[in-house]
Amino acid sequence: MTPALISGDLIVANQLAYGFKLTWMKTGYFVSEPQIHDVVVFKVQNNQAEDYQIQRIIEKLPENKYIVNLDSVISGNSKLIIHRDQILSKPWFVVLSVG
């Protein structure tokens, strides 16, 4: 099965879908929580560059943590645990596809 999004695709994302966080705030104002099967945009925490991932949530864990399914295997792991603060937005649609 080929992935729906590939590197280089341009998407429009709703940054207010789950709430917002201002740069000077320690915590954000969250209006809703991501649900299982939602596709979310999040920043990879251990990466030095501005690297964002778009993945589907497959499980909700305690303490505002989520497991996302990775399309490509990174470090031999097909799942990644992210914190609620890493989730930035929810994609709406693809504007320009390179594939």
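Trainee: Leaving aside its neighbours within four places in sequence, which residues is Ile82 in contact with?

Mentor: Contact here means that heavy atoms lie within 4.5 Å, and by that rule Ile82, apart from neighbours within four places in sequence, is in contact with Phe42, Asn64, Lys65, Tyr66, Val68 and Ile87. Please keep in mind that this is a predicted model, in which local features need pLDDT of at least 70 and side-chain atom pairs count only at pLDDT 80 or more, while totals for chains, interfaces and linings use all residues. Residues are numbered from 1 along each chain as its sequence is written, and side-chain values use heavy atoms, with hydrogens and water left out.

Trainee: Which residues make up the largest nonpolar core?

Mentor: A nonpolar core is a set of buried Ala, Val, Leu, Ile, Met, Phe, Trp, Tyr and Cys residues joined through side-chain atoms within 4.5 Å; buried means under 20% relative accessible area, exposed means over 50%, and partly exposed lies in between, with a 1.4 Å probe and protein chains only. In this chain the largest such core has eight residues, namely Tyr18, Val40, Phe42, Ile57, Tyr66, Val68, Ile82 and Ile87. Strands β4 and β6 (65-74) each supply at least two residues of this core. Across the chain, 22% of the 99 residues count as buried.

Trainee: How many helices and how many strands does the chain have?

Mentor: Helices (H or I, at least four residues) and strands (E, at least two) are DSSP runs, numbered from the N terminus, and here the chain has zero helices and eight strands.

Trainee: Which strands pair with β8 in the antiparallel sense, and over how many bridges?

Mentor: Two strands are said to pair if DSSP finds at least two bridges between them. Strand β1 (residues 10-14) pairs with β8 (residues 87-96) in the antiparallel sense over five bridges, and Asn14 stands opposite Lys90 in β8. Strand β4 (residues 39-43) also pairs with β8 in the antiparallel sense, over two bridges, with Val41 standing opposite Ser89.

Trainee: Where is Glu63 placed, and is this residue buried or exposed?

Mentor: Glu63 sits in the loop between β5 (52-61) and β6, where, at 65% relative accessibility, this residue counts as exposed. Its phi is positive, about 60°, although Glu63 is not a glycine. Asn64 lies in the loop between β5 and β6, has a positive phi of about 55° although it is not a glycine, and counts as partly exposed because its relative accessibility is 35%.

Trainee: Which residues form a nonpolar patch on the surface?

Mentor: Patches are made of residues with over 30% relative accessible area and no salt bridge, where like charges are joined within 9 Å and nonpolar side chains (Val, Leu, Ile, Met, Phe, Trp, Tyr) within 5 Å; a salt bridge is a side-chain nitrogen of Lys or Arg within 4 Å of a carboxyl oxygen of Asp or Glu. Areas come from the Shrake-Rupley method with a 1.4 Å probe, and for residues only the protein chains shown count as cover. Here Leu16, Phe20, Leu22, Trp24, Tyr29 and Val31 form a nonpolar patch with about 690 Å² of accessible area together. Leu16, one of these residues, is in the loop between β1 and β2 (19-20) and is exposed, with a relative accessible area of 58%.
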